[in-house]
Amino acid sequence: MILLLLGRCDCGAVSLPPEKRCHVCGKNTMEQMDDGRGRVIAVTCLFSPQEGMEEGIMLCLVALDAGAQVVCRAMGKVARGDEVTVRESGTFYICDSSV
Amino acid sequence: MADVFVSDASMIPFGKKGKGAVELAYECASRITVRPDIILFASMSCMNSDRQGNASAAVAGELGLSDCPSFQVDTSSSSGAALVQLASFLLCSGRYDSVLAIASDNLTRMRSPEATAFFASVLPPHERDAGCTMPSVAALLWSLYSAKYGADEKSLMSVSIKNHKNGLSNPYAHIRKNVTAEDYEKSRIVSSPLRVLDCAPVSDGAAAILLTRKGGVRISGMGHACDTMSAFSRPGERAFRAVSAAARDAYAGASIVPGDIDFAELHDAFTPFEIMETEALGFCEEGQGFKAAMDGETSPEGSIPVNLSGGLKSRGHPVSVSGLAQMVEIYYRLTGTDYAKTEGRRALSLSIGGAASNNFVTILEV
């Protein structure tokens with residue numbers, strides 16, 4: 001299933017959200033679709049949220065198989081090491097363990 | 001580069017001040033009596049706290065210097081340090097003989113969730129819209145670090161206890177309170193595993209420095225290095241690589257190595273940052289910062305005393321002011337003026353903007 005739009009540069013760098021110019025070499029990147037699969041490498045549960053947001057949001061850092069790292073809001077319980085799928089949700093990214 | 005000196009410095013006690021950023025800037029900078037050729041001003045909050053645009057002109061006007069040229073500078077939480085580096089370049093241009101750098105913030109007028117959102121504004125949109133806050137960035141970075149090096153939260157506790165102990169004797173500190181292991185363990189979780197006692201308090205405050213080419217504490221080395229807006233676009237766990245780059249330039253400028261620094265003021269907005277920064281600055285090897293903190297290497301008696309002032313953790317963190325406040329503290333300590341005298345002739349200030357995306361290292365010497 002195609003879920004995510006990534007940026008991929010000739011130099012090998014992958015970006016999420018896709019960058020217009022590569023953060024490694026500065027060249028233009030190409031957009032590429034991806035299945036969004038990756039692994040959770042860090043988790044935090046937030047008890048002092050921003051104005052208008054709920055207490056207890058789970059945030060995790062996902063290392064995508066495609067190569068980029070991205071902070072996602074976790075849907076349901078996740079732990080470090082879990083295989084997850086990342087997808088877009090409006091202006092940010094979410095992940096869950098429904099691989 | 002020609003010699004540039006910190007010739008005078010001023011600070012007001014940090015805390016909940018009940019005054020706007022422009023008024024705080026006046027209260028602090030009016031103690032410096034030399035008329036400057038130009039004013040550089042930083043304040044992240046003046047549009048919020050004072051609804052004051054064109055704020056550098058507003059501050060100049062309060063000081064009776066309406067005809068003095070002025071700029072406002074913003075690199076987020078490192079703005080105060082940015083002022084000093086820009087002032088040095090202005091002085092070296094030969095056009096100006098004295099620059100007054102002023103930073104002030106009023107942040108306590110905001111309620112806590114509002115302030116949390118305000119600080120998160122320095123993150124990229126996809127992170128802050130997911131709910132990410134500055135403490136959660138620090139928590140995620142700590143999670144990567146602790147998994148890689150086998151560190152635990154006892155090292156964070158030792159940073160918190162040390163900095164609060166150091167801050168007890170600082171009359172400018174917002175939180176002058178001894179913190180015990182029990183206090184730490186009982187403090188509320190902000191973003192797991194980070195606790196309230198891992199995070200610098202939200203404070204109001206102001207600092208000012210007069211820079212000239214004539215004399216005082218010499219700025220012997222400067223480095224400024226930037227990185228991606230997201231700390232997580234960087235490879236592996238090298239979130240503070242631009243801090244290392246800034247430090248390399250500063251050490252090269254001063255013709256010294258990290259071991260030549262007598263004491264340092266670091267950006268401990270969150271306790272993990274202090275640990276990671278000691279490594280990025282070369283005070284200890286990669287992956288050894290947490291051990292150095294626990295072994296007392298960064299205590300006043302240790303090999304490299306860090307945050308003798310109490311740091312941001314105890315002194316407080318009026319974001320734009322902290323970088324400048326570090327240099328006021330160093331000026332006081334190297335010259336023995338004001339409240340403290342520290343043995344040594346060379347000190348380092350590190351101020352980071354955002355998630356270590358806009359970083360300044362400055363070395364001062366007598």
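Student: Which residues in H7(B) meet which residues in H11(B)?
Tutor: Ala138(B), Leu141(B), Trp142(B) and Tyr145(B) of H7(B) meet Pro272(B), Phe273(B), Ile275(B), Met276(B) and Glu279(B) of H11(B), where contact means heavy atoms within 4.5 Å and helices are DSSP runs (H or I, at least four residues) numbered from the N terminus. By class, this contact has eight nonpolar, no polar and one charged residues, with Ala, Val, Leu, Ile, Met, Phe, Trp, Tyr, Cys and Pro counted as nonpolar, Asp, Glu, Lys and Arg as charged, and the others, Gly among them, as polar.
This is a predicted model, in which local features need pLDDT of at least 70 and side-chain atom pairs pLDDT 80 or more, whereas totals for chains, interfaces and linings use all residues. Residues are numbered from 1 along each chain, chains are lettered from A, and side-chain values use heavy atoms, without hydrogens and water.

Student: What makes H7(B) oblique to H11(B)?
Tutor: The axes of H7 (residues 134-149) and H11 (residues 271-280) of chain B, lines fitted to C-alpha atoms over the stretch in contact with angles from 0 to 180 degrees between N-to-C directions, come within 10 Å and cross at roughly 55 degrees. That makes H7(B) oblique to H11(B), because angles under 35 degrees count as roughly parallel, over 145 as roughly antiparallel, 65 to 115 as roughly perpendicular and the rest as oblique.

Student: Why is the meeting of Glu51(A) and Arg111(B) called a salt bridge?
Tutor: Their side chains meet at 2.7 Å, N to O, and a salt bridge is a side-chain nitrogen of Lys or Arg within 4 Å of a carboxyl oxygen of Asp or Glu, so the pair qualifies. The count between chain B and chain A is one salt bridge.

Definitions and conventions: Helix = DSSP H or I, 4+ residues; strand = E, 2+ residues; numbered from the N terminus.
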